[in-house]
Amino acid sequence: MFRRTSARLAVVIFAAAACMATLVAQSVAPPLVTTQELLNGLASDGSRWLMFGGSYTNQRHSPLTQITPENVSRLVPQWVFQTDTAGRFETTPLLRDNVLYVTGPLNVAWAIDARTGRQIWQYKRELPPTGGLTACCGLVNRGFGVLGDRLFMTTLDAHLLSLNMKTGAVVWDATLEDYSKGYAATIAPLVVKDKVIVGVAGGEYGIRGFIDAYDAKTGARAWRFYTIPGPGELGNNTWAGDSWQRGGASIWVTGAYDPELNLLYYGIGNPGPDYHSESRQGDNLYSDSLVALDADTGKLRWHYQFTPHDLHDWDATQVPILADLTVAGQPRKVVMLANRNGFFYTLDRSNGKLIVGKPYVVTTWAKEIGADGRPVILPGYVPDEKGSLTCPDVTGATNFWPASYDPSQRLFFVNAREVCATYYAWKQEYVPGERYTGGAGQRATGPDMRAWGALRAIDPATGERKWEFPYISPSTSGVLTTASGLAFTGDAEGNLLAIDSHTGKLLWHFQMGSALHGTSPITYMLDGRQHILVPSGTTLTAWALSDIARVPSTR
Amino acid sequence: MRWIYFVLIVVVVAAANLVAQDVYLKIPADSPAKNPLEGNSDAISAGMGAYRVRCADCHGMDARGIRGPDITQVWARGRTDAALFRTIRNGVPNTEMPAHPAPRTSDLDIWRILAYLKTISPATAAAPGPGNAATGEHVFATNCIACHRVGDRGGNLGPDLSRIGAARARAAMARQIRGTMGSFRTGYEPVTLTTPNGQEIRGVKKNEDLFSVQVMDTRERIQGYLRDDLRSVSDEKKSAMPVFGPDKLSDAELDDLLAYLENLQGTNAAPSSAR
């Protein structure tokens, strides 16, 4: 009996060992995602897309050139992936070793075979009971971060998760804050060195915003930067009374990182209550600001406030883009941002000094940005019980949908909106976890108030517009550009558009059935063919040229 | 090698547990028959804010109706708290009134809005406006029915009016008929398409994008056109609906017509559970 069992065991062990050996021979374990790969950004071989903006600059500009203005009309769909959940994509997918990692609405995420669109694993996180969640503007998620063999994902109930890339299993789970107090998280994490950087949403719920860094291995919190200074801290006196405690200043769009300066750049959300001036007299730092933080410590290096004492819900949560420019003959390291308040800004990213501040849509509330960097505010645009008509509207001149920057042309591409609104304000008592806006904005309508929009190409050294491609209604889509001179974006009616980034001429379009809302396509190489991956509605669609032969790589 | 089967079973069970995590939300079975927050001053002020942000676009800052109906009259006309709660939660199918599902809209949010509305609603219904509904039906049959449908009769070029009495304030209907309403309802914007050989197609716009336009023409043909196949697509400034000034419709006839339209509550229409 004993002998038989041990003999069987020996056979099993031998078989298992042989099986392992065969597996090892057939495939090499994919190398871990390294910090060097993250620093390299979008590699010229197009083999990966590892963070929200493609690279730490957030340029969303790919070096790939197989798809060109001449052949873009020959794009054909390769596959379609459907979520089978309610809600729509606002995510930027990641690509690594021919596998896509995608977050969706309702705390769901997937690993998908990039060759076929077939699911490899799915992760679902149960949402808190009905009424518990306060995510103001959709139960969405903007994407994963990645390092080593771990993915990082924020959740609607204000957690940060680390998932095993191979299985989707939770490795660790860190609580950012208590969701029942109005905190939520939708941001795509940014991985810098050994830390995962995230922020919290909830600017309409009287939160006190913060940016956090967590140890990628353990999930332990490394530092926290409150976006509203506490008592005794510089800037706390820009909030009358105790209004700082519930001033909002949320963070829900991924920032940029400069490795040389070791600085993180994040756009901060609106002050709350959104519209009621007397509830929070003062500049309300660091709401509506760009902050530069030391990536190791979270200490504030500098800030630039776009809209001091904002009364129009103009979060500065647009994607900041880094570039090196020549302005007035001088080389400058800049950070650029097309703001919800109607102005386009180019700042010196070493010190936060204003280089360019120019309107890029019809803007009524401020005359200009003064030499001191503050807007010169015009009278008559303070919301009240009767309402005041102001341009831009609440959604803003642009918003969280990412812009793109082509360094070879030195052009900034943004989907801009031409919409005005009547803003109302009234006093509102704060109740924890409740919506706290102190007013409302209503989009202006009528024959003289047509809402429209355009893709605009802006020279960041001057703020001048080079070209525009107008839409019949404002688009909420992001922009991807490529080194071959293409801009991929979408309109509000659901068309995927390919536009010549040198001229603004439309080259190709396809009706996706739902808009590319709040995100842009990504692009990568797969088996020798450049792919364009388009998140729209509840689908992901992969496109490639019909007449380029596949070169299968099955290592 | 039975232990291998055991390991496999453990793995399968673990996987099944992972899959069983459900993201779909449970909607509470029954809501209270009476507003639990009625008269609560905190709820009323929160409800005012929520109302203005989420409802006032259609129902007006004073809730007396713009595109949507006057909702200060709903209690006086016999609607219950529970029914109004369901209307907000589920919307009204086939109308512009959307559903407000959880979790974005909590039960609390809805009760607060209703608590606020109650404070600005009279206990008794407003006296009906002047006019004779029976005469108004004749006015309707003469002037309106070619384009507007009530129940199973009438045209399709203009909006279906089977429940217009529940959907529009009387004053808003009067403005529309007299031609003093500034804007067009989505899906009924007048448009003229010109074909390459100069033929004009007039109709109302059902949809459009950068490359195409979908219309119902004056013969009620629904059809999509590529912009590239047309010489021009021009939006008309004037509504497809004729202006009925006092020369065409006397004040008395207008009152009769409005009395008829106010009576159109959609009661003949299919499932009324949402109302």
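Biologist: Which residues of helix 2 of chain B meet residues in helix 5 of chain B?

Modeller: Ala43(B), Ile44(B), Ala46(B), Gly47(B), Met48(B), Ala50(B) and Tyr51(B) of helix 2 of chain B meet Asp109(B), Trp111(B), Arg112(B), Ile113(B), Ala115(B), Tyr116(B), Leu117(B) and Thr119(B) of helix 5 of chain B. Two residues are in contact if their C-beta atoms, placed from the backbone, lie within 7 Å. By class, this contact of helix 2 with helix 5 of chain B has eleven nonpolar, two polar and two charged residues. Ala, Val, Leu, Ile, Met, Phe, Trp, Tyr, Cys and Pro count as nonpolar, Asp, Glu, Lys and Arg as charged, and the others, Gly among them, as polar. This is a predicted model, in which local features need pLDDT of at least 70 and side-chain atom pairs count only at pLDDT 80 or more, whereas totals for chains, interfaces and linings use all residues. Residues are numbered from 1 along each chain as its sequence is written, while chains are lettered from A and ligands numbered from 1 in the order in which they are written.

Biologist: Why are helix 2 of chain B and helix 5 of chain B called roughly perpendicular?

Modeller: The axes of helix 2 (residues 41-54) and helix 5 (residues 107-119) of chain B come within 7 Å and cross at roughly 100°. Axes are lines fitted to C-alpha atoms, for helices over the stretch in contact, and angles run from 0 to 180 degrees between N-to-C directions. Angles under 35 degrees count as roughly parallel, over 145 as roughly antiparallel, 65 to 115 as roughly perpendicular and the rest as oblique. Helix 2 and helix 5 of chain B are therefore roughly perpendicular to each other. Helices (H or I, at least four residues) and strands (E, at least two) are DSSP runs, numbered from the N terminus.

Biologist: What makes helix 6 of chain B roughly perpendicular to helix 9 of chain B?

Modeller: Helix 6 (residues 133-143) and helix 9 (residues 251-263) of chain B pack at an angle of about 100°, with their axes 7 Å apart. That angle makes helix 6 of chain B roughly perpendicular to helix 9 of chain B. The residues of this contact of helix 6 with helix 9 of chain B divide into seven nonpolar, three polar and three charged.

Biologist: Why does Asn284(A) count as buried?

Modeller: A residue is buried if 20 or more other C-beta atoms lie within 10 Å of its own, exposed if 12 or fewer, and partly exposed in between; C-beta atoms are placed from the backbone. Asn284(A) has 27 C-beta neighbours inside 10 Å and therefore counts as buried. Asn284(A) lies in the loop between strand 17 and strand 18 of chain A, and it has a positive phi of about 65° although it is not a glycine. Asp288(A), found in the loop between strand 17 and strand 18 of chain A, has 30 C-beta neighbours inside 10 Å and so counts as buried. Asp288(A) has a positive phi of about 50° without being a glycine.

Biologist: Why is Leu64(A) called partly exposed?

Modeller: Leu64(A) has 19 other C-beta atoms within 10 Å, and is therefore partly exposed. Leu64(A) has its place in the loop between strand 2 (61-62) and strand 3 (75-82) of chain A. Leaving aside residues up to four places away in sequence, Leu64(A) touches Gly46(A), Thr482(A), Ala483(A), Thr523(A), Met525(A) and Gln530(A).

Biologist: How do you know that strand 10 of chain A is mostly covered?

Modeller: Five of the six residues of strand 10 (residues 159-164) of chain A are buried.

Biologist: How do you know that strand 9 of chain A and strand 10 of chain A pair?

Modeller: Two strands pair if DSSP finds at least two bridges between them. Strand 9 (residues 150-154) and strand 10 of chain A are joined over five bridges in the antiparallel sense. Arg150(A) stands opposite Asn164(A) in strand 10 of chain A. Strand 10 of chain A also pairs with strand 11 (residues 170-175) of chain A, in the antiparallel sense over five bridges. Leu161(A) has Asp173(A) in strand 11 of chain A as its bridge partner.

Biologist: What makes strand 6 and strand 7 of chain B edge strands?

Modeller: Five strands of chain B form an open sheet in the order 6-5-4-3-7, with antiparallel pairing. Strand 6 (222-226) and strand 7 (232-235) of chain B each pair on one side only, as edge strands.
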